[in-house]
Amino acid sequence: MKIRMKDIAKMANVSEAAVSLVLNDKPSRISEKKKQEIKAIAKELNYVPNIAAQSLAKKASQTIGVVIPDIENPFFSKLCKQLEEGFRTLGYLTIIVNSNDDFTVEKNLIQMLLNRGVDGLIIALSNASFSFKAEQEQFLKEIDAPFVLVDRHVSFSGVNQVYFDSEAGGKLSAEYLLKNGHRNIAFMTGDFKVPSTLDRLNGYKQALESYGVKVKEEYIIETGYRFNYGMEKAKELFALTDVTAVLTSNDMVAFGVLKQALSNGKTIPDDLSIIGYDRLELADILGISLATVEQNSLALTEQAVGLLKNILTSRKVKTETIILKPTLFKGESVKNLK
């Protein structure tokens with residue numbers, strides 16, 4: 001049987017209003033003895049507050065919606081876990097939804113979360129949304145709840161966002177290959193419509209130019225972010241017979257290239273040096289010491305949770321952009337040609 005507030009009130013011989021004040025630790029003239037009695041009865045009966053009723057009273061649901069593009073990508077899976085833990089410590093329930101990198105699905109999911117009264121949103125945008133920039137901007141600016149974009153950023157103002165400096169990441173990885181004597185360096189990028197892809201590409205080009213290496217457009221292969229894309233596009237990569245090293249859009253693509261390399265009798269790093277992006281733990285599980293650009297998802301989580309919490313508690317109007325710096329994990333997948 002569900003225990004209600006009026007049951008506790010009847011047993012304690014007080015009003016329901018008195019029980020509500022005590023259980024919510026609100027100021028009142030109720031004696032300390034009676035307060036302890038009410039709390040003891042509630043504990044003995046395993047009383048669970050009616051969250052829906054509390055939400056109506058407080059005009060807050062204590063829920064946060066998290067929208068991600070690809071739950072199968074270990075980076076986003078880990079990010080979701082950390083976000084859920086971060087918001088739980090603040091007393092929020094997290095609802096996680098997956099857009100499958102589809103802009104229409106993404107918009108529908110966000111609207112569904114808003115219809116359910118979430119207090120705020122964390123959004124990792126779909127790649128597809130960047131193909132509709134005007135619509136993307138209009139949609140985001142019409143969201144009627146506080147939200148923070150994570151990982152994938154937009155160029156227009158008026159949006160709270162936390163992301164890693166992709167240009168620095170692209171430059172960092174390319175410079176490491178150049179320092180190891182590589183000059184014929186391919187780049188298997190993400191979607192050209194996504195700002196972070198273009199940022200990484202700029203970093204790659206800056207590094208090559210600083211070493212006096214000509215940028216060859218045929219070395220730049222638009223790939224995507226999934227394992228099967230890495231496998232499929234590896235054929236184009238291997239056709240570039242003078243290439244000694246490759247940067248990939250993420251670790252999943254790097255794994256796809258590694259699998260194809262094995263199938264083609266190539267050894268890493270002797271025949272091909274490779275650098276991933278994200279520093280997934282999966283590489284350690286598989287026993288692959290992959291060189292990769294590390295994006296500390298915990299740092300991303302802490303900044304995003306903290307920013308959304310501040311927005312919810314202070315209702316501040318001014319938006320904020322937080323840019324984090326990536327680092328390089330050197331691994332053992334890069335050969336020194338010097």
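Let me begin with helix 1 (residues 5-12) and helix 2 (residues 16-23), which pack at an angle of about 105° with their axes 8 Å apart; axes here are lines fitted to C-alpha atoms, for helices over the stretch in contact, and angles run from 0 to 180 degrees between N-to-C directions. That makes helix 1 roughly perpendicular to helix 2, a label used for angles of 65 to 115 degrees, while angles under 35 count as roughly parallel, over 145 as roughly antiparallel and the rest as oblique. Helices (H or I, at least four residues) and strands (E, at least two) are DSSP runs, numbered from the N terminus.

This is a predicted model, in which local features need pLDDT of at least 70 and side-chain atom pairs count only at pLDDT 80 or more, whereas totals for chains, interfaces and linings use all residues. Residues are numbered from 1 along each chain as its sequence is written, and side-chain values use heavy atoms, with hydrogens and water left out.

Returning to the helices, Met 5, Lys 6, Ile 8 and Ala 9 of helix 1 meet Glu 16, Val 19, Ser 20 and Leu 23 of helix 2, where contact means heavy atoms within 4.5 Å.

Now to the sheet, which is open, has 6 strands in the order 2-1-3-4-5-11, and shows parallel pairing; two strands pair if DSSP finds at least two bridges between them. Which strands stand at the edges? They are strand 2 (93-98) and strand 11 (321-324), each with a single partner strand, so one side of each is left without a neighbour in the sheet. Strand 1 (residues 63-68) pairs with strand 2 over 6 bridges in the parallel sense, and Thr 63 stands opposite Leu 93 in strand 2. Helix 13 (residues 297-314) packs on this sheet, touching strand 1, strand 3 (120-123), strand 4 (147-150), strand 5 (160-164) and strand 11.

Finally, the largest nonpolar core has 65 residues, of which Ile 122, Val 148, Tyr 204 and Leu 237 touch the most other members. A nonpolar core is a set of buried Ala, Val, Leu, Ile, Met, Phe, Trp, Tyr and Cys residues joined through side-chain atoms within 4.5 Å, and buried means under 20% relative accessible area, with exposed over 50% and partly exposed in between (1.4 Å probe, protein chains only). Apart from it lies another core, of 22 residues, among them Val 118 and Phe 139.
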